[in-house]
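I opened the notebook today to work through one fold piece by piece.

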Amino acid sequence: MDKNRLTHLNTLSQVNNNKGIKFLHPAASPGSHCPMHTTLATLLNIKGLSSLVVGMAECGYYSRFVVDYSNNTKEECHYVYELDSNEVVFGCSSGVKKAVLQMAEEGAKNIMIIMTCVPGLIGEDPQAIIEEISYESDVKVVFVDMAHFKRNGYKDGYSKTLAALADAIKVQKDSEKSKKPTVNFLGNGGETECNRLQSILKESEIDVLKYGVKLDIEELNSSLGSQLNIVYSNNYLEFAEKLKEKYEIPYISLCDAYDLDTVEKRYEKIFKHLDISGEKLENLYTEKKPRIEEFYQKILSIKEKKSFIITSPSTLAVPLSVSLIKLGFKPFMLHIEEMDMTNLKWKDKLLELGEDPYVTYITNKDKITEVLDNEIDIYSLGNCNGIEEKVLLNDQEMIKIQNLTGFERVLKLLEFIDSRLS
């Protein structure tokens, strides 16, 4: 494998933010997707939240491919504020303020301002606009900065939008809070294991509030009365971090756990925090743990193992790599779109294990092996044209793994790996 072809890439130790992540191919095709798109797609699933896209005519036109006037209701309206040539030079705060107040008059109670590239380039301050509006209206306004030049791709459109919702939550009076202990499930928890955990919590007289893809801005207010946030989706991690900072609600993440040891420790923390007997933890892994340990022994017994690349966009590449290193595999190259808090948190753990893989943003999976010199003897986690299927976990299999949680996820990952090794 000719590593000279990869000298334009950084290794993990050299990457601390998105700027350090380079395209695998200098001429990127088809390129990266605008995060404004995913912000709007997320907003369409949030009842009671309106949007105002602030940018040039191109951004306004493009945004209407996601939302249009047919999406408007009495409580929700999705509008565009297009900057004129004067505002590009001198700023648009006055016009944006008037637009928000007009939306409030039309019935919008909660509005998210979506800043795009040009407002970001001229240094527009959305927080200052929001403060001015607060003196004239009771409408709740938050903002999200989706300037494409600050992002590698579209994923931040999910996480940053949900994180901004933490600023839209209204603190309830003590009399309105639930008297019964509650736990928030943030994101899709997968299949049977999530349901079993919910049953265990209910047996311990703890209610569960679930927040998934579809949300109600008013129902989110109830999240502040909970004792713990359990994070099932990486999209919710920044939201949980904000709730911890602003309201001192702790969180425990299951979205980045890919191996048995990590999963057990996270569940033990959950049960300890909620003062639930550790014996009930056995209900989650009674059937799965023996099979998982059997797979571990089988895989670890194989002395010679190949290096691997991760191309799947649905996977948290750095924490997954740590789990695979423990099984004896070596990471060579990782597709990472956003160097977010999850990947940064696991970065040092991976480097401590003595590995420093290349980090890149892959835009065209059909041409990966051309950069790797075609003579490739490597595993691929995710689609990669040119690598044999017998040593490849395709994108659909990686999505299945990511959509599961805890012991279910670990078992499915090991099953797929074992099927390729066999």
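Predicted model: local features only at pLDDT ≥ 70, side-chain atom pairs only at ≥ 80, totals over all residues.

**Entry 1: strand E14.** I started with E14, which covers residues 330-335 and is mostly covered, with five of its six residues buried.

Who sits beside E14? I looked up strand E13 (residues 307-310), and it pairs with E14 in the parallel sense over four bridges. In that pairing, serine 307 is opposite lysine 330 of E14. I then followed the chain from E13 to E14: the path goes through helix H13 (residues 317-326), and this β-α-β crossover is right-handed.

Next I checked the pairing of E14 with strand E15 (residues 358-361). The two run parallel and are joined by three bridges. Here leucine 334 faces valine 359 in E15. I looked up the handedness here too: E14, helix H14 (residues 341-352) and E15 form a right-handed β-α-β unit.

**Entry 2: an open sheet.** In what order do the four strands of the open sheet come? I wrote it down as E5-E4-E6-E7, with parallel pairing. Strand E5 (78-82) and E7 are the edge strands, as each of them pairs on one side only. I also noted the twist, which averages 20° from one strand to the next.

Strand E4 (residues 50-55) is paired with E6 over five bridges, in the parallel sense. One spot I marked was serine 50, which stands opposite isoleucine 111 in E6.

**Entry 3: helices on that sheet.** Helix H4 (residues 93-105) packs on the sheet and touches E4, E5, E6 and E7. I got about 160° between its direction and that of E4. Helix H6 (residues 126-134) lies across E6 and E7, and it runs at about 175° to E7.

**Entry 4: helix H7.** Last, I asked myself how many of the 10 residues of H7 are buried. I found eight, so to speak a mostly covered helix, spanning residues 156-165. Among the buried ones I listed Asp156, Gly157, Leu162 and Leu165.

What do the buried residues of H7 pack against? My list has two helices' names on it, H1 (35-43) and H9 (237-247). It also has strands E3 (46-47), E6 (110-115), E7 (140-145) and E10 (215-216).

Conventions. Residues numbered from 1 in each chain as written. Heavy atoms only, no water. Buried < 20%, exposed > 50% of the residue type's maximum accessible area, 1.4 Å probe, protein only. Contact = heavy atoms within 4.5 Å. Pairing = 2+ DSSP bridges. Axes fitted to C-alpha atoms, helices over the stretch in contact; angles between N-to-C directions. Right-handed = clockwise from strand over helix to strand, strands pointing away.
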